[in-house]
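Please keep the sequence and the 3D view at hand while reading.

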Amino acid sequence: GERATLLQFSTEMCSRCPGVHRTLGQIAGGRDGVLHLDIDLTHRPDIAKHFHVLQTPTTLILDRNGVVQTRFGGTPSRHAVELELARVTATDARV
C-alpha cells in the first residue's frame, strides 16, 4: 500500500483465517493508502519459511517501504490492528 500493507498468511484448513480476512479487509477498506493482501501458504512452504510463519493466521503490518513493523500470531483483535496501523501510518506522516 501507499501508506501501509496488512499482510495476512492463511492456509486452506485454517478455521480462523476467513474471519481475520474480513476484519483486515474492512480495516484496509476504511483507510486511504492501506492495502490488505492474503497469502495462502498451503502449497508454499518456501514463503512460510521466508517469513518465519509457524501458525495461521499470521498478520504482518508493513510500512510504505515494505518493512515489517508489527507481527500478530493467531487472531489479532481489531483494536490492536487499528492501533498499530495508526502508529505505522503516523510515523509515515512525519517523514
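## Disulfide

A disulfide is counted here as a pair of cysteine sulfur atoms within 2.5 Å, and by that rule the structure holds one disulfide. The model is a predicted one, in which local features need pLDDT of at least 70 and side-chain atom pairs count only at pLDDT 80 or more, while totals for chains, interfaces and linings use all residues. Residues are numbered from 1 along each chain as its sequence is written, and side-chain values use heavy atoms, with hydrogens and water left out.

The bond joins C14 to C17, with an S to S distance of 2.1 Å. Because the torsion about the S-S bond of C14 and C17 is about 90 degrees, the disulfide is right-handed. For accessibility, buried means under 20% relative accessible area, exposed means over 50%, and partly exposed lies in between (1.4 Å probe, protein chains only). On that scale C14 is buried at 11%, and C17 is buried as well, with a relative accessible area of 3%.

Helices (H or I, at least four residues) and strands (E, at least two) are taken as DSSP runs and numbered from the N terminus, and two strands count as paired if DSSP finds at least two bridges between them. Under these rules four strands form an open sheet in the order β2-β1-β3-β4, and the pairing is mixed. The edge strands, each pairing on one side only, are β2 (34–40) and β4. From one strand to the next, the twist averages 15 degrees; axes are lines fitted to C-alpha atoms, for helices over the stretch in contact, and angles run from 0 to 180 degrees between N-to-C directions.

Strands β1 and β2 run parallel and are joined by seven bridges, and the bridge partner of S10 in β2 is D40. Helix α1 (residues 17–29) lies across β1, β2 and β3, running at about 170 degrees to β1, with contact meaning heavy atoms within 4.5 Å.

## Aromatic pair

Rings of Phe, Tyr and Trp (its six-membered ring) pair if their centres lie within 6.5 Å, and planes under 30 degrees apart count as stacked, over 60 as edge-to-face and the rest as tilted. The count by this rule is one aromatic pair. The ring centres of F9 and F51 are 5.1 Å apart and the planes stand at 40 degrees, so the pair is tilted. Because F9 lies in strand β1 (residues 4–10) and F51 in the loop between α2 (45–50) and β3 (58–63), the pair ties together parts that are 42 residues apart in sequence. F9 is buried, with a relative accessible area of 1%, whereas F51 is partly exposed at 26%.

## Loop between α2 and β3

Most residues other than glycine have a negative phi, and most peptide bonds are trans. Against that background, H52 has a positive phi near 55 degrees although it is a residue other than glycine. H52 is placed in the loop between α2 and β3 and is exposed, with 60% relative accessibility. P57 lies in the loop between α2 and β3 too, and the peptide bond that joins T56 and P57 is cis, with omega about 0 degrees.

## Salt bridges

A salt bridge is a side-chain nitrogen of Lys or Arg within 4 Å of a carboxyl oxygen of Asp or Glu, and a search of the whole structure finds three of them. In one of these, D46 is joined to R44, with the closest N and O atoms 2.6 Å apart; D46 is partly exposed at 44%, and R44 is partly exposed at 38%.

Another links the side chains of R78 and E82 at 3.1 Å, N to O, and both residues lie in helix α3 (residues 78–94), four residues apart, about one turn of the helix. R78 is partly exposed at 35% relative accessibility, as is E82 at 26%. The side chains of R87 and E84 also meet in a salt bridge, at 2.9 Å from N to O. Because R87 and E84 are three residues apart in helix α3, about one helical turn separates them. R87 is partly exposed, with a relative accessible area of 36%, and E84 is partly exposed at 22%.
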